[in-house]
Amino acid sequence: MLRLLPAVPGLSSAFAQPPALFRTRVDAVRIDDTAAMRRLVGHLVGLGHSEIWHASGAGYVSADPRLDGYLAAMAEHRLADRAHVMPAGGSAREGAAAAMRLLDAGRMPTAVVAYNDRVACGMID
């Protein structure tokens, strides 16, 4: 399976996932959550963003690697002092609640990277 990955467009941050992590009996191909988040933050920095906050999915299996990638990228771009992590869960409802807390904070980021698409949709809604 790993030999096929380079031939798949868009999977530059993928790896074979051992079944034990998800308590399944099958292998899976997953993204490298840490590398993907680092690339995302780097892209936003390249667009001129400097106040990039992370809506974290604490408690979910991919949350820690994504947080690690966010913090590493912020440090790489000399923005560690501007890193801000806000809990956002994993659902659209939790994303919407996080957006309300963000609005109440009085300090707005120039960009937010969300734990997953559902959280991002909730924040936009």
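Among the elements of the chain in this predicted model, confidence is lowest for strand β1, residues 14–17, whose mean pLDDT is 48, and highest for helix α2, residues 63–76, where the mean pLDDT reaches 96. Over residues 8–15 the pLDDT falls below 50, although this stretch still has 20 contacts in the model beyond its near neighbours in sequence.

The largest pocket has a volume of about 170 Å³, and its lining comprises eight nonpolar residues, three charged residues and one polar residue. Helix α1, which spans residues 33–46, and strand β5, which spans residues 111–114, each contribute at least two residues to this lining, and the greatest contribution is that of α1, with four residues. Among the residues that line the pocket are Ile-31, Asp-33, Ala-36, Met-37 and Leu-40, together with Val-112, Val-113, Ala-114, Asn-116 and Asp-117.

Arg-66 and Tyr-115 also belong to the lining of the largest pocket, and these two residues are related to one another in a further way, in that Arg-66 lies over the face of Tyr-115, at 5.1 Å from the centre of the ring.

Methods: Residues are numbered from 1 along each chain as its sequence is written. This is a predicted model: local features need pLDDT of at least 70, side-chain atom pairs count only at pLDDT 80 or more; totals for chains, interfaces and linings use all residues. Side-chain values use heavy atoms; hydrogens and water are left out. pLDDT is the predictor's confidence in each residue, from 0 to 100. Contact means heavy atoms within 4.5 Å. On a 1 Å grid over the protein atoms alone, a cavity is a set of points where a 1.4 Å probe fits but cannot get out, and a pocket is an open set with protein on both sides within 12 Å along at least five of seven lines; lining residues have an atom within 4 Å of a point. Grid points are joined across faces, edges and corners, and a volume is the space filled by probe spheres set on the points. Ala, Val, Leu, Ile, Met, Phe, Trp, Tyr, Cys and Pro count as nonpolar, Asp, Glu, Lys and Arg as charged, and the others, Gly among them, as polar. A charge sits over a ring if NZ of Lys or CZ of Arg is within 6 Å of the ring centre and within 35 degrees of the ring normal.
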